Amino acid sequence: MLSISNLQAVIGEKQILRGLDLEVKAGEVHAIMGPNGAGKSTLASVLAGREDYEVTGGSVLFDGKDLLDMAPEERAAEGIFLAFQYPVEIPGVSTTNFLKTAMNEIRKYRGEQPLDAVQFLKLMKEKMQLVNIDQSLLSRSLNEGFSGGEKKRNEIFQMAMLEPKLAILDETDSGLDIDALRIVAEGVNKLRSPERATIVVTHYQRLLDYIVPDFVHVLYKGRIVKSGPKELAYELEEKGYDWIKAEVA
Amino acid sequence: MTPTYESYTDFKNQLLTAFREGEERLNGESKTALHQVRRQALTAFDQLGFPTIRHEEWKYSNVNSLIKQRFTIDGTSTLTADELSSLEIPNLEGNVLYFVNGHYQAEMSHIVSPADQVQIGSLADSIKADPDGVGAHFARYADYKDSAFTALNTALATDGVVIRVPANAQVEQPIILRFISDARVNNVASQPRNLILVGKNAEVTVTESFRTLGDNSSFVNIVTEISLDRDARMQYYKVQDETNQAYHIGTTQVHQTDNSHFYAATVTLNGNFVRNNLNIVLNGQYAEAFMYGLYMPNGRQHVDNHTLVDHAMPNSYSNELYKGILDDSGTGVFNGKIFVRPDAQKTNAYQSCKNVVLSPNATMNTKPQLEIYADDVKCSHGTTTGQLNDEALFYMRSRGIPKDEARTLLLYAFAQDVLSQIKIQPIRDYLEGVITAKLTK
């Protein structure tokens, strides 16, 4: 589904990704871990198409298509979803209105008819239960005045609505207490399917107790330096990252 | 032979001459108190002259290109009811009054509210029927001694509307005043004058809407005087959608007494040069005034909003929010003055002006002015001018919303704080239509 090879990216003058390789197949959950500043969030941003980053080399194929050639909205329409580490507040636009616009733009891109109000509300009710989100939150301005937990839950709700092929969760666990973490993880797990893949970007192993990955990768200095099964996450939790750094050096 | 309007060497001279010629045609009317006020106003206009940018209140708004032009000022128009229908606001119900080049058009207008709720008449008719009654209020609120344009209007205004709402009346249907400049044949100038008197514990909603037809220049110099008796409530909307050859200078002067509530929303969508003065005197305890504004100059449009709130009595409240979206080489001015007099203890006054600048060539000038002479007051003001939030744009695009749609949605949301104040749905629909068209251009 996703094939990243030798990806290099800079922000300003600073080289962040230095030849990153990653293969993700449908149905898989990949965890990307690594110390601060390794390039984890950069990878998530580059995949979503954030313009602050400049890709200077390598390639990213998504279902065989050149992802790097697409605008962020095209990537979304092709089935990529980024759950933001810091969801942005959009004053004056309700979650409902926002999602309706997003869904119908994506449907338009795919040559499908827009959802009517009834279809949309039905879908929304169904997905609201999935992440245990309240109707009143959805009528408010998107993310404005939301608590940290509400913002992250709203991200997962949007993901449930848009049903992406590839979901990228960028530090979704940051700022969440254990209850909120569980609710968010449950939402993600309910969306797991053989057709979809997930990349979980996280600093801590904690989230991986709830979202169990098939593969764990360690990102360090802009490259994936070690990959392994889920047990690798426990090893990292126990020993920290220093032994990896030593191994690479 | 009467000279054609192009032959005047000077706009001011043309206006002064017009007054004197008009005066010669008057019979007994020239002796009335009202006419004496007009004469004083003309003298004031003559002495003040048109303001230049050296005048502090006109620093950012240069009227040079206006006064260099020549206009017909006799108010004639060949506009027919059929032609007017192209300007209709769909589904609009209520008292809809049309004024073409400043003159009331009875046959195109509909007054539906019963006379025990509200009396609505043209200024021309009202002066004829009751010169002293009109004279008792005319120019009593809007000061012409310091303002050339108000003085000019006071001297030359012959038509407009007089609205009287009796005590305790609830005017159920809104009143919509539609000022149409017919500039299809030549440059036209008009001086409409409105007087709105809202009685004790009465309530009314009045909208002023401005449109221009044709490609020649138009100039509207309007003055609206509003007086709210105690416990009265009024919603006042000013809606401007004129051409890129249109000049508009307007003063709305509001006088409030005890426990009266005034809600204003000024929405400027299009116009070449727009200056709105909204002056409110809170001359009563527990009087409250709310002012909202939205302006969106693009191209070479210029929109200037001046507000003045004069807290003259204790325990009064004012709150204003103005929002601007500026594109291309558009320019905007916001000048908000709050005056708290020594007696006006326990005043609460809030002011905020927020702007989004979409182009490096667009300019916004903001100037809050607080003059506070009482010591137990709460006042705050804030202005922001910035660009569209890139993070928000990326967030929306990452959900599949294309860049242009995302931009429109964000700006539209930005405007909603002001638009949502307008409680007449057909007018809101009409405004939203024009705004959407403008944002997606």
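How many aromatic pairs does the structure hold over all chains? I looked this up to begin with and got 21, where rings of Phe, Tyr and Trp (its six-membered ring) pair if their centres lie within 6.5 Å, planes under 30 degrees apart being stacked, over 60 edge-to-face and the rest tilted.

**Ground rules**

I am working with a predicted model, where local features need pLDDT of at least 70 and side-chain atom pairs count only at pLDDT 80 or more, while totals for chains, interfaces and linings use all residues. Residues are numbered from 1 along each chain as its sequence is written, chains are lettered from A and ligands numbered from 1 in the order in which they are written, and side-chain values use heavy atoms, with hydrogens and water left out.

**Entry: one aromatic pair**

I picked out Phe84(A) and Phe394(B), a tilted pair with 5.7 Å centre to centre and 50° between the planes. I then checked where the two rings sit. Phe84(A) is in the loop between strand 6 (80–83) and strand 7 (90–94) of chain A, and Phe394(B) is in helix 8 (residues 390–397) of chain B, so this pair joins two chains. Helices (H or I, at least four residues) and strands (E, at least two) are DSSP runs numbered from the N terminus.

**Entry: chain A against chain B**

I counted 30 residues from chain A and 17 residues from chain B in the contact, meaning heavy atoms within 4.5 Å. The two chains bury about 2000 Å² between them, 65% of it on carbon and sulfur atoms; buried area is the accessible area (1.4 Å probe) that two parts lose on being put together, summed over both.

Next came the charges. I found four salt bridges between chain A and chain B, each a side-chain nitrogen of Lys or Arg within 4 Å of a carboxyl oxygen of Asp or Glu. Glu391(B) pairs in this way with Arg50(A), the closest N and O atoms being 2.4 Å apart.

Which helix of chain A gives the largest share of the side that touches chain B? I see helix 3 of chain A in that place, with six residues. By class, I sorted the chain A side into 19 nonpolar, six polar and five charged residues. Here Ala, Val, Leu, Ile, Met, Phe, Trp, Tyr, Cys and Pro count as nonpolar, Asp, Glu, Lys and Arg as charged, and the others, Gly among them, as polar.

**Entry: the two domains of chain B**

I took domain 1 (5–282) and domain 2 (391–441) from the domain assignment of chain B, with bounds from an automatic or database assignment. Their C-alpha centres lie 31 Å apart. I list 16 residues of domain 1 in contact with 13 residues of domain 2.

The area buried between these domains is about 1200 Å², with 77% from carbon and sulfur atoms. On the domain 1 side, Ile89(B), Tyr237(B) and Leu269(B) lose the most area to domain 2, together 40% of what that side buries. I looked for salt bridges between the two domains and the count is zero.

**Entry: a salt bridge within chain A**

One of my picks is Lys165(A) with Asp63(A), the closest N and O atoms being 2.8 Å apart. Lys165(A) lies in the loop between helix 6 and strand 9 (166–170), and Asp63(A) in the loop between strand 4 (54–62) and strand 5 (65–66), so the pair ties together parts of chain A that are 102 residues apart in sequence.
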